[in-house]
Structure formats: structure tokens, C-alpha cells
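Please read them beside the coordinates.

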Amino acid sequence: MTAKRTLKDLIAGKAMFLITAGCGVLVLVMALGLLIRAWPIMQIKPLHELLFSVSWSPMKGDFGMLPFIMGTLWVTGIAIVIAVPISLLTSIYLSEFALSRIRELSRPFIDLLAGIPSVIYGIWGVIVIVPLVKGRLAPLFGVSSTGYSVLAAGIVLSIMIFPVIIHITMEVFQAVPAGLREASLSLGATQWQTVKHVVLRRSLPGIIAANVLGFSRAFGETMAVLMVAGNITKIPGSVFDPGYPLPALIANNYGEMMSIPLYDSALMMSALVLFVVVIFFNVISRYILHRIRLRIS
Amino acid sequence: MQTNPHVRVHDLSVSYGSTPALNRISVDIPEKQITAVIGPSGCGKSTLLRAMNRLLENSDGVSLSGSILIDNENIYDPGRDVTEIRKKMGLLSQKPYPLPMSIFENVAYGPRIHGMKKKNEMAETVRHYLTISGLWEEVKDRLHEPASRLSIGQQQRLCLARGLAVEPEIILADEPTSALDPKSSQKIEAEFKHLKNRYTIIIVTHILRQARRLADYVLFMYLGELVEHGPAAQIFENPQHEMTKEYIRGIIS
Ligand SMILES: Nc1ncnc2c1ncn2[C@@H]1O[C@H](COP(=O)(O)OP(=O)(O)O)[C@@H](O)[C@H]1O
Ligand SMILES: [Mg+2]
């Protein structure tokens with residue numbers, strides 16, 4: 001009996017290890033695959049030219065990715081600027097001030113938001129945000145805009161990453177021991193002082209990790225952004241200008257005009273850039289969050 | 001021996017949701033003495049202590065009735081500023097919780113939120129209370145290191161200094177030595193004996209010998225009831241209640 005159980009345990013353990021290892025290997029295989037396909041262009045063009053040249057015209061053999069990298073940075077940057085303060089304040093309210101009933105009630109809704117397909121966010125962006133930018137926000141600054149802009153994409157993205165950031169930030173707050181809050185309260189600190197000086201300070205690494213995770217989600221998000229960003233190959237000059245983020249470039253063009261030499265390789269190169277950035281930020285933030293979870297238990 | 005009551009608990013009942021934790025407790029806690037609250041685990045000692053600091057209302061579903069008078073004012077009167085009430089009491093918990101900041105900042109935290117601004121006054125205050133809690137000599141050269149680097153025993157004395165720095169009248173201590181090694185426990189006990197001239201001290205403990213060593217006045221609780229209370233000599237030498245006798249003799253624990 002015991003021997004059988006031990007055996008089962010052993011097999012289960014081994015199986016789970018293999019699956020986990022398999023996932024890790026898969027990531028490496030994907031990176032390697034992208035690298036091999038991107039290799040031809042990397043041999044012909046120096047890396048800095050690929051990354052920092054503004055000239056993108058595949059017919060002429062120019063593959064400068066800067067417009068797309070800047071498009072991605074603009075969109076992601078705007079999303080983060082909007083999402084960070086709002087999600088932080090929401091998390092503080094829900095975790096520290098709201099009645100537990102409200103907190104428990106709101107949790108499934110927040111998680112539900114995270115599960116909505118991004119194409120729906122995209123449609124919603126086209127119907128609501130694009131006209132809003134065109135009709136209200138741009139005129140407010142005396143600019144004319146089609147509405148298809150990095151601002152519209154940033155707004156849509158920020159709403160998409162709220163749930164991710166809020167969920168994790170709340171988890172990080174819950175990891176702050178009740179005794180620590182009480183230590184501050186018992187000295188006569190108000191609840192807000194306690195949040196500001198103790199809870200936030202203690203949670204800072206976790207809050208950063210939560211936002212970095214949101215950032216890497218925004219960085220790689222494709223569908224919703226593609227639908228509202230305008231997709232014009234030019235570095236945006238203002239938030240009301242259209243942009244052309246990297247993921248949209250790949251999604252729009254891969255599989256077409258593949259007869260152009262090196263085009264395929266250039267797209268693979270941009271996919272590799274995307275992949276490396278997203279994986280890098282993901283690993284860092286997950287490592288920090290893992291450390292925080294260890295601290296709880 | 002008997003002095004003025006400092007804390008007057010009157011008809012205090014507390015329940016967590018539908019689970020009663022304290023049942024109609026009434027007792028006067030003498031001023032500038034050490035009062036020990038003893039009783040088996042789960043009998044409501046911590047609940048009584050937290051009720052005095054109004055920390056219970058932070059958990060959900062707690063209902064409370066009765067009153068607690070400190071300096072003849074009911075701390076549960078609507079409209080009382082809860083931060084003022086908590087400022088009157090220093091809390092020492094079972095496990096030390098240093099704030100996520102330096103040793104210096106831990107002690108400065110209280111005075112700072114209550115408006116102390118001057119740098120040299122603050123430095124003097126920090127030095128003063130670290131000295132009182134017997135930590136100054138050990139930390140004076142590393143005041144700006146994170147408090148988490150201290151040993152658990154040192155952290156507990158830091159928490160004592162931090163609590164004293166807001167100039168409370170009362171020290172509430174909930175099994176303050178249970179996470180400490182014998183040496184550190186001894187230091188904390190010595191501090192308490194030292195401090196009782198100036199503060200009313202209420203200490204929860206499940207260590208009978210500790211209560212014997214420290215207490216002037218004793219509350220014995222059992223299953224949410226205050227079974228017996230009185231001067232330490234009376235409770236330990238001549239308990240009236242059958243339950244108290246058994247607890248003191250170690251039959252129930
Ligand atoms: N936050 C809480 N929620 C629900 N029940 C609690 C809570 N805190 C304490 N209790 C219950 O109240 C009773 C008294 O607890 P406590 O005051 O911590 O006892 P003691 O400190 O004497 O061990 C116990 O039965 C305990 O399970
Ligand atoms: Mg207790």
C-alpha cells in the first residue's frame with residue numbers, strides 16, 4: 001500500500017517536473033526559432049541600423065524598425081501613465097478602505113475584465129474611444145486628429161491592463177501582515193498614514209512587479225491596438241498622431257508580400273525583439289512576486 | 001497597595017460574528033501597576049486587550065457592547081477620536097512587527113505623525129526612548145540600518161521604544177515574550193518592572209511563572225468569562241474560585 005503510494009507520488013512528481021521543464025524548453029525553442037529566421041537580416045544589416053533607423057521600405061531593402069518601436073513605446077507609455085495611478089488608487093481603496101463585502105464582490109468583476117477577448121476591447125475602442133479622441137480630446141488641445149491615434153490605443157490598453165495590475169497589487173497588499181498595520185495604528189496613525197508610510201512602503205517591490213507585468217502585457221498586446229492605433233509608419237509626434245506598434249506590424253504583414261527578399265526575416269527580427277522584451281519583464285516581475293509569496297508562507 | 005483605577009471595563013461583551021468571545025466583563029485596572037491577564041489559550045485575553053485599543057473594529061463582523069473608561073471617559077463614545085485613544089496606549093504584540101524603515105525611523109514614526117518636526121528634538125527623543133528600552137548601546141552606531149536586521153529580541157525592545165515614544169499612559173502587551181529567547185524575555189520583564197512607576201501596564205501571558213514574577217494585580221479568564229480578579233498575592237496564594245485553583249495548580253491549562 002505504502003509502496004504503491006510512494007510510487008504514485010514519485011511518478012506524479014516526475015511528470016510534473018517534465019511538464020514544467022517542457023514549458024521552459026518550449027520558450028527556448030521559440031526564441032531559437034525566431035533567432036534562426038531573423039539571422040539572415042542580422043548578418044547583412046548591423047543591429048543598430050535595424051533598431052534605430054527610421055527608414056522602413058521593404059521594396060528598397062530598408063528595414064529600420066524605429067517607427068514601430070517608437071509606436072509601441074508611445075502606446076505602452078500612455079497606457080502605463082493612465083493605468084498606474086488609477087489601478088493603484090483602486091487597489092488601495094479595495095484592499096484597505098472598502099468593506100470586505102464590497103471587496104469580495106468586486107473581485108470576480110475585476111477578474112472577468114481580464115478574461116474579455118481583446119478584439120472586443122478593440123471594437124469598443126473603435127466605437128467609443130476613437131470618436132472621443134477625434135471629437136472631444138483633440139479639439140480641446142486645438143489639434144485635428146482622425147481619432148486613430150496612440151492616445152486611443154493607450155486608453156484602450158490601459159483599460160485592458162487594469163485588471164491584471166489591480167489583481168496582483170491587491171494580492172501584494174494582502175501579503176502585508178495585519179500586525180504591521182496594527183503596529184502603526186496603535187501609535188495613533190490614521191488609516192491613510194498607515195497605508196502611505198507602512199503598507200505602500202512594504203509593498204513597493206510588489207507594486208512595481210505588478211505594473212511591470214501590466215507593462216509587458218501592454219507591450220505585446222496586438223489585436224486591440226491594431227484596431228485603433230492608425231498603423232501609419234511614422235514616429236508619432238504627439239499623442240494625437242497615429243502610430244504603428246510592433247505587434248500590429250507583424251500581424252498585418254506576416255504572410256503577405258513574402259517574395260520581397262529579407263522581408264520575412266525582418267518581421268521575424270521584430271518578433272524576436274518583442275519576445276525578448278516581454279519575456280524579460282515577465283521573468284523579473286514574476287520573480288519578485290514569487291519572493292513576496294514566499295515571505296507570506 | 002490598591003491605587004486609583006486607570007482603566008474601568010464595564011459590562012464588556014464581544015463577539016466575532018455569532019461566536020461570543022467575551023461575556024460581560026467588568027473590572028477596574030489599577031494605575032501604575034502591572035496587571036497580568038492569565039488564562040488558557042482562546043479564552044479571550046487578546047480580545048480584551050484589543051478592545052482597550054479599539055483595534056477590534058478593524059476586523060469584520062465584530063460586535064461589541066459595554067464600555068471601557070480610560071481617565072473617566074468612555075473610549076467607545078461616538079465622536080471620540082480613535083487616534084487620540086490609541087496614542088494613549090503603547091501596544092506590544094506577540095511577535096515584533098518593526099515598520100519597514102530604519103531603526104531610527106521606527107522610533108521617530110510616532111512623534112513624527114503627531115507633529116514633531118525639529119531634527120535635534122527628534123534625535124534626542126529617539127535616543128531617550130531607545131535608552132529606556134535598553135537598546136541604545138546596542139544600536140547607537142547603526143541607527144540608519146533597516147530595523148529588520150535586528151534580532152527578534154532587539155526588535156521587541158525596539159517596538160517597546162517605538163510605543164513609548166508617543167508618550168502613552170498605558171502599555172498593553174500581548175504575550176510579549178512568547179517569541180523570544182529566555183535572555184531577551186528576561187530583558188523585557190526587567191523593562192516592565194522598571195517602567196511600572198510611570199505607566200499602567202497590562203500584560204497578557206500564558207506563562208504562570210511570568211505572571212508571578214511581574215504582576216501586582218491579576219485577571220483570570222476562562223472561556224470568555226472573567227472568573228476571578230484581585231491582587232496578585234490573593235490570586236496566587238488564596239484563590240477563591242475552584243477554576244482558578246485548578247489553573248494555578250496546573251490542572252487545567
Ligand atoms: N478575528 C477573529 N475572528 C473570529 N474569531 C476570533 C477572532 N479572533 C479571536 N477569535 C476567537 O475568539 C476567542 C478568543 O480569542 P483570543 O482573544 O485571541 O484568545 P486568547 O488571546 O486568550 O488566546 C477564540 O475562540 C478565538 O478563536
Ligand atoms: Mg492571544
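1. In this predicted model, helix H8 of chain A has a kink of about 60° at Leu204(A), shortly before the proline Pro205(A); the bend at a residue is taken as the angle between axes fitted to the seven residues ending there and the seven starting there. Helix H8(A) covers residues 191–220 and spans only 38 Å between its end C-alpha atoms, whereas a straight helix of 30 residues would span 44 Å at 1.5 Å a residue, the expected span being 1.5 Å times one less than the number of residues. Helices are DSSP runs (H or I, at least four residues), numbered from the N terminus.

2. Helix H3 of chain B (residues 103–113) is mostly covered, with nine of its 11 residues buried, where buried means under 20% relative accessible area, exposed over 50% and partly exposed in between (1.4 Å probe, protein chains only). Among the buried residues are Phe104(B), Tyr109(B) and Pro111(B). The buried residues of H3(B) pack against helices H7 and H8 of chain A, together with H4, H5 and H6 of chain B, contact meaning heavy atoms within 4.5 Å. Gly115(B), which follows H3(B), has a positive phi, near 105°.

3. Gly142(A) is found in the loop between helices H5 and H6 of chain A, and it counts as exposed because its relative accessibility is 70%.

4. As to confidence, the predictor gives the complex an ipTM of 0.92 and a pTM of 0.86. Local features need pLDDT of at least 70, and side-chain atom pairs count only at pLDDT 80 or more, while totals for chains, interfaces and linings use all residues. Residues are numbered from 1 along each chain as its sequence is written.

Definitions and conventions
Chains are lettered from A and ligands numbered from 1 in the order in which they are written. Side-chain values use heavy atoms; hydrogens and water are left out. Helices (H or I, at least four residues) and strands (E, at least two) are DSSP runs, numbered from the N terminus.
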